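Subject: A structure for you to explore

Hi,

Here is the structure I promised to pass on to you. Please open it alongside this email, so that you can look for each feature as you read.

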Amino acid sequence: MTIPSDVMRLPSSGEPRNLSGRVHSISARGTGAGPGVRFVIFLHGCPLRCASCTDDECKGSNGGRLDTVEKLIDRIAQYADYMRVSGGGVTVAGAEPLEQAQFVRELFRRCHDMGIRTALDTTGIGNLFAARGLLHLTDLVVLDMTTFDANGFDAAALDRQAASPRVRFASLLRQMDKPVWMRFAVIPGINDNPAHVEALAEFAASFPDVERVDVIPFQRMAAVEPKFGS
């Protein structure tokens, strides 16, 4: 959980809104997390413990470095021409950006003021109320489906599966007609059986605005190696 004082500081009267968030790293000319050249900001803090995640540093709530929206906008402005010419933009990824939704919302607002398009790279797990306000300023959602739970999934009953945070998030995306890219990392023995893949395909087909689905291999660095001699 993100520390509220880090991302919910209210500006005093007359002070510009400039929230702070916890940033893990930045890729100034990234690709893949949306079209064109992307300024990709990887935030710190995630509630999940995914088998495919190689970065233990992103887990927890107190790591990373504190950056302000103003500081990040200054850096983004240096690459604005690359993004505009290539059809790219700014992507905020994780860990899980919905953990710092207010911070990301203000960052995206400033990006739109500059004419820069935005993308949210998320698992869809987070506060739905906060996500709704953020999605109004999001031009593309990159939805990571690696941890998709296929047990009991029924495409005909999506609206009734209110207990699943990801299904609720998916319903919100459909209501708002947001363009979606889906990403699925194949983890041997975990999510590669035919029934799981078929359920995921049904879920993806329920989105009217899915533009692409990327299937990527499992990163072996995420596997736990046995100790020598065991």
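Below is what I found, starting with the whole chain and then moving to some of its parts.

Please keep in mind that this is a predicted model. The chain has 230 residues, of which 46% are buried. Its secondary structure comes to seven helices and eight strands. Among the contacts with a separation of 6 or more, 71% are between residues 24 or more positions apart.

Which residues of α7 are buried? They are H196, A199, L200, F203 and A204. Because these residues cover an arc of only 140° around the axis, they sit on the same side of α7. The other side has exposed residues, namely P194, A195, E198 and A205. If you wonder what covers the buried residues, look for β6 (140–144), α6 (165–176), β7 (180–186) and β8 (210–217), which are included in that cover. The N-terminal end of α7 is capped by N193, with a side-chain oxygen 3.1 Å from the backbone nitrogen of A195.

Next, have a look at strand β7, where you will find M182. M182 has a relative accessible area of 2%, and because the cut-off for buried is under 20%, M182 counts as buried. Leaving out residues up to four places away in sequence, M182 touches L143, M145, F203, A204, F207, V210, R212, V213 and D214. Two of these, F203 and A204, also belong to the buried residues of α7. Although M182 and V213 are 31 residues apart along the chain, their C-alpha atoms are separated by 4.6 Å.

R183 is in strand β7 too. Is R183 buried or exposed? Its relative accessible area is 19%, so R183 is buried, given that the limit is under 20%. The R183 side chain makes a polar contact with the side chain of D121, at 2.7 Å. Neighbours within four places in sequence aside, the contacts of R183 are D121, V142, L143, D144, M145, T146, D214 and I216.

Now for a pair of helices. Two packed helices are described by the angle between their axes and the distance between the axes. For α4 (residues 101–113) and α5 (residues 128–135), the axes come within 9 Å and cross at roughly 5°. That angle makes α4 roughly parallel to α5. On the α4 side the contact is made by A101, V104, R105 and F108, and on the α5 side by A130, G133 and L134.

L134 is also one of the buried residues of α5, together with A131 and L135. These three lie on the same side of α5, because they cover an arc of only 95° around the axis. The buried residues of α5 pack against α4, β5 (117–122), β6 and α6.

Finally, here are two backbone details to look for. The peptide bond from G94 to A95 is cis, with omega near 10°, and A95 lies in the loop between β4 (89–93) and α4. In the loop between α6 and β7 you will find D177. Its phi is near 55°, which is a positive value in a residue other than glycine.

Enjoy exploring!

Note on methods:
Residues numbered from 1 in each chain as written. Predicted model: local features only at pLDDT ≥ 70, side-chain atom pairs only at ≥ 80, totals over all residues. Heavy atoms only, no water. Buried < 20%, exposed > 50% of the residue type's maximum accessible area, 1.4 Å probe, protein only. Helix = DSSP H or I, 4+ residues; strand = E, 2+ residues; numbered from the N terminus. Arc of directions from axis to C-beta. Contact = heavy atoms within 4.5 Å. Polar contact = N/O pair within 3.5 Å; in protein donor to acceptor, adjacent residues only side chain to side chain. Axes fitted to C-alpha atoms, helices over the stretch in contact; angles between N-to-C directions. Parallel < 35°, antiparallel > 145°, perpendicular 65-115°, else oblique.
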